[in-house]
Amino acid sequence: MRASIEHINNDIKIMGGFACFPYFLGSKPIGSELSKNHEQSLLYRFWMVAYPSARGGIDNPMMNPWAEDAPSLSGLVCSRLLVCVGEKDKLRDRGVRYCEELRKSGWKGEVELVEIEGEDHCFHIFNPGTENAKNLVKRLASFIIQKLPILVYFRRGFCAGSAFSSDHHCYINTLVSQAKILAISVEYRVAPEHPLPTAYEDSWTALQWVSSHKVRNNIDPESKGVCPIIGSSNPVIYHEFRWDLQLSGASATNTQHLNGSFLDQEPWLLDHADFERLFIGGDTTGANIVHNITLRAGVEDLHGNTKILGTFLCQPYFWGSKLIRSESSLGHQNNMICRSWKFVYPTAAGGIDNPMINPFAAGAPRLSGIRCSRVLVCVGQEDVTKYRGIQYCESLRESGWEGEVELYEVQGGEHGFHIRNPETEIAKNMIKRLATFLQ
């Protein structure tokens with residue numbers, strides 16, 4: 001309450017608080033409190049010994065939050081509050097009423113009440129080894145640890161590269177540490193052994209698996225924690241999970257293998273992922289995957305009805321037979337992009353004008369069908385695909401899509417510069433921009 005009228009040093013804000021077995025009292029009994037000898041109770045006498053000069057005695061607002069002259073609870077300066085009470089605690093009804101009064105006060109935060117059956121005042125301190133005490137401490141820890149936004153990342157390379165390569169590993173770790181997110185980097189299968197659309201299907205399956213963690217109860221109790229991936233027929237997919245352990249200052253990598261249609265659920269996703277803030281992103285060919293996945297999410301539901309909040313597309317791998325803007329006609333249909341596309345997807349209908357590489361081709365799905373609310377497109381000034389990224393932003397705005405799209409152009413940036421040369425100033429600035437977008 002004091003923080004509502006006095007600033008904390010360095011303008012620090014209180015995000016949340018927990019109140020276990022709160023010591024509140026008043027002259028008038030409430031709930032199941034006994035009126036007989038109420039003022040002679042030990043709790044009453046404790047207050048008078050601790051604060052003998054308290055104005056109003058036991059009805060001082062510091063002890064009685066709903067006394068007549070107490071400040072409004074709407075002034076509480078935090079956004080989350082957890083109140084814990086014990087079923088047998090004499091102060092139980094005070095904690096329950098505190099939650100009720102807080103909800104009625106007009107306070108805009110979220111309050112949660114946890115009642116522990118069969119337990120008395122501060123049992124978790126006096127008997128920390130009991131099961132109820134351990135569960136309460138876990139609940140407090142879960143309340144303190146903030147859920148993290150999720151990034152499902154698709155790296156570059158339809159026929160080369162790997163999520164396990166050192167350059168991608170460093171890039172994602174840097175992004176995770178700055179954005180404070182939980183990142184899943186997908187290792188999809190590549191051509192020529194696995195030509196497209198294999199990478200698209202692998203990536204969709206990986207996103208479905210991530211989404212499956214939103215609903216814990218979807219696990220068959222006989223499966224021992226194995227979660228089915230609906231509609232998957234892929235023999236092997238590798239996923240690499242990266243997260244930043246902010247509390248301990250450490251970082252770790254965990255690799256999961258998907259065999260057939262089943263994969264163990266990942267505890268970090270279950271315990272620390274905020275599925276209301278799911279992002280997907282990618283670089284070059286990975287950005288191409290992002291575009292096609294967000295279109296697919298417009299016609300197919302993700303597991304648990306999970307929604308994609310936002311996407312970033314860095315130097316997206318788009319092309320087409322017709323020149324746009326200031327593209328050079330020299331070798332336009334025989335450059336590396338055209339040749340690589342024919343190599344990774346030799347059966348693509350329409351060739352280089354297949355909608356999966358040319359979102360502006362005749363017959364391509366309308367961009368208004370993209371299923372997310374925010375899009376960030378990053379292009380490099382010296383990148384041959386720059387105009388395709390710019391056109392993508394403009395076409396998205398003109399399509400009737402109701403989200404927000406932003407274009408970020410890097411002066412002097414070449415294709416993939418931020419992954420190949422992450423120590424340059426322009427690379428650092430771009431990663432900062434991505435981190436801001438994901439927060």
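So, Pro195 comes out at 32% relative accessibility, which makes this proline partly exposed; the cut-offs are under 20% relative accessible area for buried, over 50% for exposed, and partly exposed in between, with a 1.4 Å probe and protein chains only. Before I go on: this is a predicted model, with local features needing pLDDT of at least 70, side-chain atom pairs counting only at pLDDT 80 or more, and totals for chains, interfaces and linings using all residues. Residues are numbered from 1 along each chain as its sequence is written, and side-chain values use heavy atoms, with hydrogens and water left out.

Back to Pro195. You'll find Pro195 in the loop between S5 and H6; helices here are DSSP runs of H or I with at least four residues, strands are E runs of at least two, and both are numbered from the N terminus. Which residues does Pro195 touch, not counting those up to four places away in sequence? Val344 and Pro346, where contact means heavy atoms within 4.5 Å. Pro195 and Phe158 sit 37 residues apart along the chain, and their C-alpha atoms are separated by 8.2 Å.

For context, most peptide bonds are trans, and most residues other than glycine have a negative phi.

On phi, then: Cys122 has a positive value near 55 degrees. Cys122 sits in the loop between strand S3 (110-116) and helix H3 (123-126), and is buried at 16% relative accessibility. Lys180 also has a positive phi, near 55 degrees, in the loop between helix H5 (166-179) and S5. Buried or exposed, or in between, for Lys180? Partly exposed, at 45%.

Now the cores. A nonpolar core here is a set of buried Ala, Val, Leu, Ile, Met, Phe, Trp, Tyr and Cys residues joined through side-chain atoms within 4.5 Å. The largest one has 56 residues, and Val152, Phe158, Ile308 and Trp341 have the most contacts inside it. Elements giving two or more residues to this core include S5, H6, helix H8 (285-296) and helix H9 (336-344). H6 gives the most, with seven residues. Phe158, leaving aside neighbours within four places in sequence, has a list of contacts that includes Ala191, Leu196, Tyr200, Trp341 and Val344. Apart from that core lies another, of 24 residues, with Ile181, Ala183, Cys378 and Leu434 among them.

Last stop, the sheet. There's an open sheet of three strands in the order S1-S2-S3, with parallel pairing; two strands pair if DSSP finds at least two bridges between them. Strand S1 (16-20) and S3 are the edges, each pairing on one side only. Neighbouring strands are turned by 15 degrees against each other on average, direction ignored; axes are lines fitted to C-alpha atoms, for helices over the stretch in contact, and angles run from 0 to 180 degrees between N-to-C directions. Five bridges join S1 to strand S2 (residues 80-86), and Gly16 stands opposite Arg80 in S2. Helix H2 (residues 92-104) packs on the sheet, touching S2 and S3, at about 155 degrees to S2. Helix H4 (residues 131-144) lies across S1, S2 and S3, at about 170 degrees to S2.
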